[in-house]
Amino acid sequence: MTLSESSVICDFIEETYPAIPLYPKSATERAIVRQIMKIAELYFELPSRRLIPYVFSGTNAPDAVKEEVHQVLTRGIPALNRLCQFSPWIAGKELTMADIYMHYVNVVVKACASTQFDWDVLAEIPGMKEWSDTMSQSDIAQKIEADRLANMPEFMTHVKAQIQAAQPK
């Protein structure tokens with residue numbers, strides 16, 4: 001079985017490992033966690049991903065693409081400012097799936113949006129940078145980062161092949 005789509009994978013993890021819940025017990029708190037995740041996906045991750053080909057090719061995205069991405073990112077900032085607590089975790093006192101999800105969305109935002117704009121997108125959300133630094137220091141995040149770096153040459157070969165295949169002949 002192969003799963004795709006981040007939210008589906010998150011739900012699968014939650015259902016497969018119920019002894020270590022990553023969603024709160026309260027329906028209201030679960031809804032807030034899911035809302036943070038959805039906003040991160042729609043307003044941060046997806047628009048930032050539009051910049052991936054330009055980041056990997058070392059070129060600047062066309063102004064029209066940058067403007068569209070900038071507009072969507074700008075719409076997401078107030079939503080996260082309303083929802084994120086950073087006390088100490090993104091949705092409150094407990095580590096949740098929103099922390100894990102947002103941590104990896106931020107990786108995409110930093111790699112793509114922050115390199116294509118003269119703008120630190122994450123600095124627009126008070127507490128996000130400090131929280132992100134804390135998340136990056138966790139043992140599991142450091143292991144995942146080490147694995148990511150170790151696999152980067154193979155990944156880049158794959159990405160370059162896909163970019164070449166997509167080029168008009």
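**Briefing: core, pockets and fold**

The largest nonpolar core has 39 residues, and those with the most contacts inside it are F44, L80, I90, M102 and M128. The model is predicted. Four elements, α2 (27–49), α4 (63–83), α5 (97–116) and α6 (128–136), each give two or more residues to this core. The largest share comes from α5, with nine residues.

**Inside the core**

- L80 is among the residues with the most contacts inside the largest nonpolar core.
- Beyond its neighbours within four places in sequence, L80 is in contact with I36, I39, F44, M102, I125 and M128.
- Of these partners, F44, M102 and M128 are also listed among the residues with the most contacts inside the core.

**Largest pocket**

- The volume of the largest pocket is about 810 Å³.
- Its lining counts 23 residues.
- Nearest the centre of the largest pocket lie R49, Y104, V107, V108 and R148.
- Five helices supply at least two lining residues each: α1 (6–16), α2, α3 (52–57), α5 and α7 (139–166).
- Helix α5 gives the largest share of this lining, nine residues.
- By class, the lining of the largest pocket has 18 nonpolar residues, one polar residue and four charged residues.

**Second largest pocket**

- The second largest pocket holds about 270 Å³ of space.
- It is lined by 15 residues, and P24, E29, A91, E94 and T96 are the closest to its centre.
- Eight residues of this lining are nonpolar, three are polar and four are charged.

**Overall fold**

- The chain has seven helices and zero strands.
- From the N terminus on, its elements run α-α-α-α-α-α-α.
- The radius of gyration is 17 Å, close to the 15 Å that the globule rule gives for 169 residues, so the chain is as compact as a globular protein of that length.
- Along its principal axes, the C-alpha trace spans about 55 × 35 × 25 Å.
- Of the 169 residues in the chain, 34% are buried.
- Among contacts with a separation of 6 or more, 68% join residues 24 or more positions apart.

Note on methods:
Residues are numbered from 1 along each chain as its sequence is written. This is a predicted model: local features need pLDDT of at least 70, side-chain atom pairs count only at pLDDT 80 or more; totals for chains, interfaces and linings use all residues. Side-chain values use heavy atoms; hydrogens and water are left out. A nonpolar core is a set of buried Ala, Val, Leu, Ile, Met, Phe, Trp, Tyr and Cys residues joined through side-chain atoms within 4.5 Å. Buried means under 20% relative accessible area, exposed over 50%, partly exposed in between (1.4 Å probe, protein chains only). Contact means heavy atoms within 4.5 Å. On a 1 Å grid over the protein atoms alone, a cavity is a set of points where a 1.4 Å probe fits but cannot get out, and a pocket is an open set with protein on both sides within 12 Å along at least five of seven lines; lining residues have an atom within 4 Å of a point. Grid points are joined across faces, edges and corners, and a volume is the space filled by probe spheres set on the points. Ala, Val, Leu, Ile, Met, Phe, Trp, Tyr, Cys and Pro count as nonpolar, Asp, Glu, Lys and Arg as charged, and the others, Gly among them, as polar. The radius of gyration is taken over C-alpha atoms; the globule rule is 2.2 Å times the number of residues to the power 0.38.
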